[in-house]
Amino acid sequence: AAAVDKLSSQDRRDNYRVDTMVRIRLRSVSPKRGSAAESPVAAFEELSLAAGRYRKELSNAGRAFVDRIVDTLESLTAAAAKSTPSHDWGASFEVEANVSAAGIGFDWSEELTIGSEVEVEFSFVGEGRGVPFTFVGEVRRSIARESGWNIGLAFQTLTQVSQQRLIRQIYDVQRLDLRGRSEKS
C-alpha cells in the first residue's frame with residue numbers, strides 16, 4: 001500500500017484560507033446576554049447537525065429531500081438573522097478579511113486588547129442567502145497601523161457545523177477566484 005502524504009499544518013492553513021470581503025460586526029462578550037442557543041443561527045446549526053446524522057441512513061430520494069429542507073432552512077435563517085435586533089452590536093462594516101478555518105484577520109478602527117474576547121458576526125459579501133457566522137473570538141493580534149488596527153481573532157466557539165460551512169464557503173471563494181483568473185488569461 002502506498003503511503004499517503006500528510007499535509008503539513010502550513011499546507012492545511014493555506015488550503016483553508018482566503019482573502020475576501022466580509023460584512024462584520026463586533027460586540028463585547030457579556031455574561032448577562034441571552035444564550036447563543038436563542039439565536040436563529042444556533043437553531044439552524046442544531047437542525048443541520050441532526051439532519052447530517054440521519055441523512056446517511058436515508059435512501060437517495062430521502063437524502064435529496066433532507067438537503068432541500070436544509071437549503072430552505074438556511075435561506076430562512078439568513079433572513080431571520082438579518083432581522084434580529086442589533087441594539088447591542090456595533091455597526092456593521094464591509095472589510096477585506098483573511099478568513100481561515102481557525103480565525104479571521106482584518107483592519108479595524110479600534111484597538112482590541114490581546115487576549116480579550118469579542119463576539120463576532122460575519123458573512124461573505126456577495127453571498128446572497130448565507131447564514132452569518134457567529135462566534136466568540138480571542139484577540140491574538142492587534143497591531144497599530146496608520147489607518148487603525150490590524151486585528152487577528154482565533155475562533156473559540158465556532159461549532160462543527162459552522163466550521164464545515166466556513167470551509168465550503170472558503171473553497172467556493174477560491175474556486176470563483178481561480179475561475180476569474182483563468183478567464184482573464
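Predicted model: local features only at pLDDT ≥ 70, side-chain atom pairs only at ≥ 80, totals over all residues.
Residues are numbered from 1 along each chain as its sequence is written. Local features need pLDDT of at least 70, side-chain atom pairs count only at pLDDT 80 or more, and totals for chains, interfaces and linings use all residues, while side-chain values use heavy atoms, leaving out hydrogens and water.

**Exercise 1.** Trace how β3 sits in the barrel and find its bridge partners.

*Solution.* 
- Start with the strands, which are DSSP runs of E with at least two residues, numbered from the N terminus. Two of them pair if DSSP finds at least two bridges between them.
- Look at one side of β3 (residues 103-108): three bridges tie it to β2 (residues 93-100), running antiparallel. Here Asn98 has Gly105 as its bridge partner, and Ala97 stands opposite Phe106.
- Last, check the cover: five of the six β3 residues are buried (under 20% relative accessible area, 1.4 Å probe, protein chains only).

**Exercise 2.** Sort the lining of the second largest pocket by residue class.

*Solution.* 
- Take the classes: Ala, Val, Leu, Ile, Met, Phe, Trp, Tyr, Cys and Pro are nonpolar; Asp, Glu, Lys and Arg are charged; the others, Gly among them, are polar.
- Then tally the lining: six nonpolar, six polar and 10 charged residues.

Notes:
Helix = DSSP H or I, 4+ residues; strand = E, 2+ residues; numbered from the N terminus. Buried < 20%, exposed > 50% of the residue type's maximum accessible area, 1.4 Å probe, protein only.
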